[in-house]
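Welcome! Let's take a friendly walk through a protein model and look at how some of its side chains sit and pair.

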Amino acid sequence: MSSITATWPLLLGMGVLMLGAGLQSTLLGLRATLEGFPTPVTGIIMSCYYVGYLLGTSAAPRMMRQIGHIRVFAALAAVASAIILVQGIFVQSAVWSVTRLMSGVCFAGIYVVAESWLNDRASHTNRGRLLAVYMLVLYVGLGAAQFLIIVASPSTATPFMLVSLLISLSMVPIAVSAQQLPQPALPKKVSYAELYRNSPLGVVGVCASGMISAIIFSMGPVYARLRGLGSSGIATFMAVSILAAVLTQYPVGRLSDRTDRRTVIAGVCTVATIVAGSIVAFGNMPHGLFLLLSAVFSGFALTLYSLSVSHVNDKLEPAQMVDASSALLRLNGCAAAVGPVLAGSLIHAFGPPAYFTTLASLTGALTIYDLWRKSRRSPVPPEQKGPFINAHPQGMVAPIVRTEVPKQ
């Protein structure tokens with residue numbers, strides 16, 4: 001409780017920020033559909049966010065060395081707040097692509113600041129619980145944001161102004177309460193080749209989870225709209241998809257700590273594949289059942305990043321984990337940039353069912369690869385396993401990593 005009390009400005013600020021970020025992503029996908037943007041074009045627009053995210057994760061540490069954590073947060077949040085207003089004024093695909101990339105840069109820097117603060121306040125004895133509370137705040141903020149689309153028509157400028165307002169307000173508790181954080185030393189470097197040699201399944205799982213989460217967060221509203229749902233229906237679909245992950249993260253992570261993580265990954269992917277395939281095969285199912293199955297799919301699929309990162313860290317030295325986390329984020333972001341383009345193109349070619357078909361294909365392929373890897377290598381001994389890392393890819397929320405800034 002003392003750690004939570006010490007970090008309440010961060011938790012409050014990030015919760016408000018997630019309300020704005022969650023509404024922004026759903027709003028852009030929905031407005032693009034209402035404006036008649038071709039689905040592949042919408043996919044490209046949404047993918048630009050992840051390109052910007054990659055740039056932001058590289059630039060943010062250097063910015064923090066030069067001007068400090070809180071100034072970086074305030075500056076990037078101000079730019080992000082202005083960007084959404086530009087998107088509301090200029091409803092054009094080219095403008096949205098550029099501004100969506102800029103949003104990715106801004107949010108990446110904001111997340112790096114947040115993670116640095118959180119890890120500085122956490123200890124070895126309370127880190128897991130503190131990060132769990134942080135993730136709960138983020139998921140609840142994202143889920144609640146989906147219902148804000150009901151407040152104002154997405155065809156007007158009002159929701160764009162609401163997003164700008166929320167992002168601006170998120171700066172207040174952090175800017176008032178935060179202090180400059182220490183700057184730890186450089187961690188030990190680790191290459192992509194070494195990561196893959198140590199944990200092929202973990203690396204492939206990180207990439208697959210990036211595509212899956214990006215498709216869910218970016219193309220989910222587009223799919224729901226094409227399926228014929230109104231604003232309230234889209235909000236409900238996205239909310240249940242996001243909030244389901246709140247319920248699954250801890251039990252799935254606890255199970256993976258007690259058994260072979262590869263078995264858990266295979267089980268999660270198998271369930272997700274069967275559920276997504278059922279939605280495609282039985283397209284005329286009752287709406288309540290459709291929402292339930294959508295929640296089950298997302299609840300399981302959105303644990304894949306945490307499982308994969310934890311599996312990779314089981315094979316690493318402690319000094320390698322920071323650099324490995326950064327490398328995994330970049331791989332995840334590259335894959336995430338491909339996901340919306342792939343899904344948007346397939347939806348355009350084959351219709352709305354291609355949304356869950358694409359997702360089922362990704363989880364199914366990861367299941368097959370998982371089982372093949374299990375036949376090639378023995379499991380990690382229990383005494384060498386590290387704790388489950390409750391993390392999330394950068395599809396929408398901040399991934400939990402030990403982000404460190406080198407000393408000057």
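Is Arg 31 buried or exposed? Arg 31 is buried, because its relative accessible area is 8%, and buried means under 20%. Keep in mind as you read that this is a predicted model.

## Opposite charges that pair

Side chains of opposite charge can pair when their charged atoms come close. In this model the count comes to 2 salt bridges. One of them joins Arg 31 to Glu 35, with the closest N and O atoms 2.8 Å apart. Glu 35 has a relative accessible area of 39%, so this residue is partly exposed.

The salt bridge between Asp 260 and Arg 262 has its closest N and O atoms 3.0 Å apart. Here both Asp 260 and Arg 262 are buried.

## Rings that meet

A pair of aromatic rings is described by the distance of the centres and the angle of the planes. Searching the whole structure gives 15 aromatic pairs. Among them is the edge-to-face pair of Phe 37 and Trp 96, at 5.7 Å centre to centre and with 65° between the planes. Phe 37 lies in the loop between helix H2 (8-34) and helix H3 (39-67), while Trp 96 belongs to helix H5 (residues 93-121), so this pair ties together parts that are 59 residues apart in sequence. Both Phe 37 and Trp 96 are buried.

Now look at Phe 107 and Tyr 111, which form a tilted pair, 6.2 Å centre to centre and with 35° between the planes. These two residues are 4 residues apart in helix H5, so about one helical turn separates them. Phe 107 and Tyr 111 are both buried.

## A cluster and a charge

Which residues do ring pairs link into a cluster? They are Tyr 223, Phe 237, Phe 290, Phe 297, Tyr 355 and Phe 356.

## Cysteines

How many disulfides does a search of the whole structure find? The search finds 0. Cys 106 counts as buried because its relative accessibility is 4%, and Cys 269 counts as buried at 0%.

## A nonpolar patch on the surface

Finally, turn to the surface, where Leu 165, Leu 169, Val 172 and Val 176 form a nonpolar patch. Together they have about 370 Å² of accessible area. Val 172 is found in helix H7, which covers residues 158-177. With 46% relative accessibility, Val 172 counts as partly exposed.

How values were computed
Residues numbered from 1 in each chain as written. Predicted model: local features only at pLDDT ≥ 70, side-chain atom pairs only at ≥ 80, totals over all residues. Heavy atoms only, no water. Patch = residues over 30% accessible without salt bridge, like charges linked within 9 Å, V, L, I, M, F, W, Y side chains within 5 Å. Areas by Shrake-Rupley, 256 points an atom, 1.4 Å probe, with all protein chains shown as cover. Salt bridge = Lys/Arg side-chain N within 4 Å of Asp/Glu carboxyl O. Buried < 20%, exposed > 50% of the residue type's maximum accessible area, 1.4 Å probe, protein only. Disulfide = S-S within 2.5 Å. Phe/Tyr/Trp six-rings, centres within 6.5 Å; stacked < 30°, edge-to-face > 60°.
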